[in-house]
Amino acid sequence: MKKIAILCSGGDVSGMNAALKRFVEYAFDRGMQPCFVENGYEGLIDNQIHEAGYSDVAGIISIGGTKIHTSRSERFKEEAYRRKALENLRTHGIDGLVILGGDGSFKGMQKLADESGDIGFIGIPSTIDNDIAGTQYCLGVDTALNGIRVSIDAIRDTASSFGRAFVIEVMGRECGYLALVSALTSGAEMCLIPEIPYDLSVYKEDFLQQKKEGRSYFIAVVSEALKNSEEISRWFEEEIEVESRVTVLGHVQRGGIPTVHDRLMAFHFVTTGIDALLGGTKSAVVCYNNGTFVCKPIEKVAFKKYYIDEDLLKLGREFESPQHKQV
Ligand code: ADP
């Protein structure tokens, strides 16, 4: 294997630049020429491919997002454009491609791998939603969680000063992982996610009791999947009789300086991916489970539903247990 390339596809995450740095440095260490594909699958189709050197990755480890840009590509779903993409890889003499993306990107990668035969493809789970089956961790999650934590800590200051409820809407698409971990680690009073059925009447009884005991503000963390932030805010005003505001955190959750954890995870993901390519793997996704990194076939990752760990869900179910009865 002489030349390998890397691209970012779908949503950007913090830690992608650390992955690019490791990719370039480790490729050179293993005697290969690293290449960048700019702009995701769009750039692959349009031949935005160039060789990368050490200077391309100097100073980027501490920057969020991705230096080589990312995209969503409708064209890539058509075989004719994927043929063009494969032609471009062959013209550059590239025999391995690493793709940082989510399950959509891996579905595209699977098609490319099936249509190629000779080139190796490795996916690295990269999404703040942490919703990819087969891996306990996706690149970018820790930075997103820390960013959310900073926001909720700040909101708590104003909530307590004014004696208000704040309903904080957190990203995650259909998955409640980000909302659940954020609610647990920021001391929220309420956590609503699609994976845990909830009963507002139980919360009502508990919150009214807490109000009687002197609580003046509430923090509710709600997953975007439920699409009910405004409704929950009205519930606070009408049922708990506390002034309420909604804060949709939105895209601030995606960016920011990558945490130490994400930088280190990026290094391990990329190292395992490049080793797999060198070992002859033709198509796989690098997964992290219980401290180890292994490559799994795409079918075990991209076409399966992700389930939040049962221990974590158990903690999440405790939000509905009235707190005054616990002490
Ligand atoms: P993510 O990878 O974060 O899940 P998307 O679902 O938006 O993000 O997918 C990223 C890109 O992957 C899409 O814009 C498209 O180019 C490609 N892709 C997704 N699904 C498929 C598919 N079924 N076939 C071919 N390409 C796909």
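Modeller: Begin with the ligand: of the shell around it, helix H5 gives the largest share, six residues. Keep in mind that this is a predicted model.

Colleague: How many residues surround the ligand, and which are the closest?

Modeller: The ligand is surrounded by 17 residues, and the closest are Gly10, Gly102, Gly104, Ser105 and Gly108. By class, the shell holds two nonpolar, 10 polar and five charged residues.

Colleague: Next, the sheets. How do strands pair in a sheet?

Modeller: Strands of a sheet pair through backbone hydrogen bonds, and the pairing is either parallel or antiparallel.

Colleague: Which residue of S4 stands opposite Ile4?

Modeller: Gly96 does. Strand S1 (residues 3-8) and strand S4 (residues 96-101) run parallel and are joined by five bridges.

Colleague: What is the strand order in the open sheet of four strands?

Modeller: The order is S7-S8-S6-S9, with parallel pairing. Its edges are strand S7 (190-192) and strand S9 (244-248), each with a single partner strand, so one side of each is without a neighbour in the sheet. From one strand to the next, the twist averages 15°. Three bridges join S7 to strand S8 (residues 218-223), and the two run parallel. In this pair, Leu192 stands opposite Val222 in S8.

Colleague: Which helix lies across S6, S8 and S9?

Modeller: Helix H6 (residues 141-162) does, and H6 runs at about 165° to strand S6 (165-170).

Colleague: Now the helix pairs. What describes two packed helices?

Modeller: Two packed helices are described by the angle between their axes and by the distance between the axes. Take helix H1 (residues 16-29) and helix H10 (residues 260-278): their axes come within 8 Å and cross at roughly 40°. Because of that angle, H1 counts as oblique to H10. The crossing of H1 and H10 is right-handed.

Colleague: Which residues of H1 and H10 meet?

Modeller: From H1 they are Ala18, Ala19, Arg22, Phe23, Tyr26 and Ala27; from H10 they are Asp262, Arg263, Ala266, Phe267, Phe269, Val270, Thr271 and Ile274. The residues of this contact divide into 10 nonpolar, one polar and three charged.

Colleague: At what angle do H8 and H9 pack?

Modeller: Helix H8 (residues 200-212) and helix H9 (residues 229-240) pack at about 55°, with axes 11 Å apart. That angle makes H8 oblique to H9. H8 passes H9 in a right-handed crossing.

Colleague: And which residues of H8 and H9 meet?

Modeller: Leu200, Lys204, Phe207, Leu208 and Lys211 in H8 meet Trp235, Glu239 and Ile240 in H9. This contact of H8 with H9 has five nonpolar, no polar and three charged residues.

Key: Residues are numbered from 1 along each chain as its sequence is written. This is a predicted model: local features need pLDDT of at least 70, side-chain atom pairs count only at pLDDT 80 or more; totals for chains, interfaces and linings use all residues. Two strands pair if DSSP finds at least two bridges between them. Axes are lines fitted to C-alpha atoms, for helices over the stretch in contact, and angles run from 0 to 180 degrees between N-to-C directions. Angles under 35 degrees count as roughly parallel, over 145 as roughly antiparallel, 65 to 115 as roughly perpendicular and the rest as oblique. A crossing is left-handed if the near helix is turned anticlockwise from the far one by less than a right angle, and right-handed if clockwise. Two residues are in contact if their C-beta atoms, placed from the backbone, lie within 7 Å. Ala, Val, Leu, Ile, Met, Phe, Trp, Tyr, Cys and Pro count as nonpolar, Asp, Glu, Lys and Arg as charged, and the others, Gly among them, as polar. A residue is near a molecule or strand if its C-beta atom, placed from the backbone, lies within 6 Å of it.
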